[in-house]
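My notes follow in the order I took them.

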Amino acid sequence: VVWGHEHECLIHPSESAVGTFRITQPGSSVATSLTEGESMRKHVGILDIRHSQFRMTAVPLMNVRSFSMGGITLSEERFGLDPEDPRIDEVMRELLSKEVEKLKEQAREDSRLLEKEVLGLGATTG
């Protein structure tokens, strides 16, 4: 079964709950919402069917805009925020800006790693 209309890419077929068929969920080829599933690597699949056997080959997409997702809890002690601090807005803005920069760098690194992986795959199969 090819399950469409879902955001998350689960390209490798998984066994159904009843065990009589397998399901692949290619997902959207672009990030269409701000969910954790959208931050995962996007793929297309090549489905090869021979008689009663099949194989799904995942092909990572290179032209997907990098997307990282994270979360923080401002009330955690490690951030040392004091709600009574008259500069709390400025302190939070600085803290959140640093967290966003970390996510941006993570997205850049993920993109670099994906490019190396895909170029490496191309070199070994070509």
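I started at H43 and placed it in strand β3, residues 43–50. Strands here are DSSP runs of E of at least two residues, helices are runs of H or I of at least four, and both are numbered from the N terminus. The model is predicted, so local features need pLDDT of at least 70, side-chain atom pairs count only at pLDDT 80 or more, and totals for chains, interfaces and linings use all residues. Residues are numbered from 1 along each chain as its sequence is written, and side-chain values use heavy atoms, without hydrogens or water.

Is H43 buried or exposed? I read 19% relative accessibility, so H43 counts as buried. The cut-offs are under 20% relative accessible area for buried, over 50% for exposed and partly exposed in between, with a 1.4 Å probe and protein chains only. I then listed what H43 touches, skipping neighbours within four places in sequence: C9, I11, P26, A58, V59, P60 and L61. Contact means heavy atoms within 4.5 Å.

Next I looked at the second largest pocket. Its volume is about 150 Å³. A pocket is an open set of points on a 1 Å grid over the protein atoms alone, where a 1.4 Å probe fits, with protein on both sides within 12 Å along at least five of seven lines; lining residues have an atom within 4 Å of a point. Points are joined across faces, edges and corners, and the volume is the space filled by probe spheres set on them.

Which residues line the second largest pocket? I noted V1, V2, P13, R22, I23, T24, L47, I49, F54 and M56. β2 (22–25), β3 and β4 (53–60) each give two or more residues to this lining. β2 gives the most, with three. By class I have eight nonpolar, one polar and one charged.

R22 in β2 is the bridge partner of E15. Strand β1 (residues 10–15) and β2 pair in the antiparallel sense over three bridges; pairing takes at least two DSSP bridges. Their hairpin has six residues between the strands, and G19 takes a positive phi near 80° there.

Last, I checked the whole chain. It runs β-β-β-β-α along the sequence. Average pLDDT, the predictor's confidence in each residue from 0 to 100, is 81 for the chain. β2 has the highest confidence, at 89, and helix α1 (residues 88–125) the lowest, at a mean of 80. Over residues 122–126 pLDDT stays under 50, and I found zero contacts beyond four places in sequence.

Notes. Nonpolar A, V, L, I, M, F, W, Y, C, P; charged D, E, K, R; others polar.
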